[in-house]
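Trainee: Could you take me closely through one part of this model, the aromatic side chains, and then go on to the charged side chains?

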Amino acid sequence: MSNRILVFYGSYRSDRMGIRLAQFVVDGFAARGDDVELIDAKAIGLPMLDRMYKEHPKGGAPAVLEKLAEQIRTADGFVFVTGEYNWGMQPGLKNLTDHFLEEWFWRPAAIASYSAGRFSGARAALAWHGTLSEMGMVVISSSIAVGPIAQTLTEDGKPTGEGGKALSHAFPRFADDLVWWMEAARAQREKKKPPY
């Protein structure tokens, strides 16, 4: 059975570099035979959070929220590709994520971080770990951290140089870890309804 994976990316910058890592992750899971889709916060263009999806009358949410809620509910797992802004998370990705809550429950999530420098977005990844856990996801222990991103991935998301070799070497374990948890969570949901 193919796993349904959503890859979330949230930079709104005009010269964004993290899209390279998002494309690398999408390509990597697709090459393994998974059903993977990129969810680009900039392309979706949600407004700043005023009302969560669940706060709209049933069937009355904007079409973009209805579609995204269904995509999240029917996914087996998620990858959050995050840059680091001043030791923190990207506001575009956080804003998209905060529009939902129960839709995230009982599924695993993985974090792939990046930066222009040598810290590779590690501090943003740490911030995301607690946030995703609070939102009902199981965050896997494997992660990917890329930096400097411009020296690791080409514009079309292909590994390059020594950093690219290291990333290519790290991806299979990252993917195996997420797939293991997706399969475990799916089996448990089929066996027993979640407690809430």
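Mentor: In this predicted model, Phe-8 and Phe-80 are both buried. Their ring centres lie 5.2 Å apart with the planes at 15°, and because planes under 30 degrees apart count as stacked, this pair is a stacked one. Phe-8 belongs to strand β1 (residues 4-9) and Phe-80 to strand β3 (residues 77-83), so the contact ties together parts that are 72 residues apart in sequence. The two rings also belong to one aromatic cluster, whose other members are Tyr-53, Phe-78, Phe-100, Trp-104 and Trp-128, and the structure as a whole holds 17 aromatic pairs.

Arg-13 lies over the face of Tyr-85, at 4.8 Å from the ring centre, and the charged end of Arg-123 sits over the ring of Phe-119, 4.7 Å from its centre.

Turning to pairs of charges, side chains of opposite charge can pair when their charged atoms come close, and a search of the whole structure finds 13 salt bridges. One of them joins Asp-27 to Lys-158, with the closest N and O atoms 3.4 Å apart. This pair links distant parts of the chain, since Asp-27 is in helix α1 (residues 19-31) and Lys-158 is in the loop between β5 (138-146) and α6 (161-191), 131 residues apart. Asp-27 is partly exposed, with a relative accessible area of 30%, and Lys-158 is likewise partly exposed, at 40%.

With Glu-70 it forms a salt bridge of 3.2 Å, N to O, and both residues lie in helix α3 (residues 63-73), three residues apart, about one turn of the helix. Arg-73 also meets Glu-103 in a salt bridge, at 3.9 Å from N to O, and this second pair links distant parts of the chain, with Glu-103 in the loop between α4 (91-98) and β4 (108-114), 30 residues from Arg-73. Arg-73 is partly exposed at 39% relative accessible area, and Glu-70 is partly exposed at 41%, whereas Glu-103 is buried, with a value of 7%. Elsewhere, Arg-4, Asp-35 and Glu-37 are linked in a network of salt bridges.

Notes:
Residues are numbered from 1 along each chain as its sequence is written. This is a predicted model: local features need pLDDT of at least 70, side-chain atom pairs count only at pLDDT 80 or more; totals for chains, interfaces and linings use all residues. Side-chain values use heavy atoms; hydrogens and water are left out. Rings of Phe, Tyr and Trp (its six-membered ring) pair if their centres lie within 6.5 Å; planes under 30 degrees apart count as stacked, over 60 as edge-to-face and the rest as tilted. Helices (H or I, at least four residues) and strands (E, at least two) are DSSP runs, numbered from the N terminus. Buried means under 20% relative accessible area, exposed over 50%, partly exposed in between (1.4 Å probe, protein chains only). A charge sits over a ring if NZ of Lys or CZ of Arg is within 6 Å of the ring centre and within 35 degrees of the ring normal. A salt bridge is a side-chain nitrogen of Lys or Arg within 4 Å of a carboxyl oxygen of Asp or Glu.
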